Amino acid sequence: QSQLVESGGGLVQPGGSLRLSCAASGLDLEYYIVGWFRQAPGKEREGVSCINRRGGSTNNADSVKGRFTISRDNAKNTVYLQMNGLEPEDTAVYFCAAEPVAPSYECRHADYEYNYWGQGTQVTVSS
């Protein structure tokens with residue numbers, strides 16, 4: 001059974017850091033683009049960051065540029081989202097998603113492009 005499992009969420013004070021992990025089983029992430037999305041209460045889901053097969057990355061949300069970094073470890077079949085300088089506005093459920101693509105495919109932050117989704121992990125930024 002193919003699945004993605006997020007972990008690393010929690011409660012953190014403003015200015016703090018968290019590292020989210022997205023571990024895959026039944027999927028070889030080496031052949032997948034992986035994206036991180038988030039959804040805050042009452043808001044639409046938005047793309048945060050994604051990484052292509054070759055390790056390049058893009059940050060979609062302007063509000064996270066310079067603060068969030070996506071990376072991948074194919075040997076561990078895991079993708080990470082390092083979040084620094086967290087703000088209360090970052091509070092949301094964070095999801096990872098994956099989709100198998102050709103090697104040169106450049107990832108985008110359109111959630112309809114991803115068919116494999118994790119269950120989400122809650123991130124709460126509050127003092």
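The legends below describe close-up views of a predicted model.

In this predicted model, local features need pLDDT of at least 70 and side-chain atom pairs count only at pLDDT 80 or more, whereas totals for chains, interfaces and linings use all residues. Residues are numbered from 1 along each chain as its sequence is written, and side-chain values use heavy atoms, with hydrogens and water left out.

**Figure 1. Aromatic cluster of Phe37, Tyr114 and Trp117.** The structure holds four aromatic pairs (rings of Phe, Tyr and Trp, the last by its six-membered ring, with centres within 6.5 Å; planes under 30 degrees apart are stacked, over 60 edge-to-face, the rest tilted). The ring centres of Phe37 and Trp117 lie 5.0 Å apart with planes at 45 degrees, so this pair is tilted. Phe37 belongs to strand S4 (residues 32–39) and Trp117 to strand S10 (residues 116–117), 80 residues apart, and the pair thus links distant parts of the chain; strands are DSSP runs (E, at least two residues) numbered from the N terminus. Between Tyr114 and Trp117 the centres are 6.5 Å apart and the planes at 70 degrees, so the pair is edge-to-face. Phe37 is buried at 1% relative accessible area, as is Tyr114 at 3%, while Trp117 is partly exposed at 26% (buried, under 20%; exposed, over 50%; partly exposed, in between; 1.4 Å probe, protein chains only).

**Figure 2. Arginines over aromatic rings.** Arg45 lies over the face of Trp117, 4.1 Å from the ring centre. Arg19 lies over the face of Tyr80, at 4.2 Å from the ring centre. The criterion places NZ of Lys or CZ of Arg within 6 Å of the ring centre and within 35 degrees of the ring normal.

**Figure 3. Strand S9 and its pairing partners.** Seven of the nine residues of S9 (residues 92–100) are buried, so the strand is largely enclosed by the rest of the structure. S9 pairs antiparallel with S4 over eight bridges (pairing requires at least two DSSP bridges between two strands), and Ile33 stands opposite Glu99. Three bridges join S9 to strand S11 (residues 121–125), also in the antiparallel sense, with Ala92 opposite Val123. S10 runs antiparallel to S9 over two bridges, and Tyr116 is the bridge partner of Ala98.

How values were computed
Helices (H or I, at least four residues) and strands (E, at least two) are DSSP runs, numbered from the N terminus.
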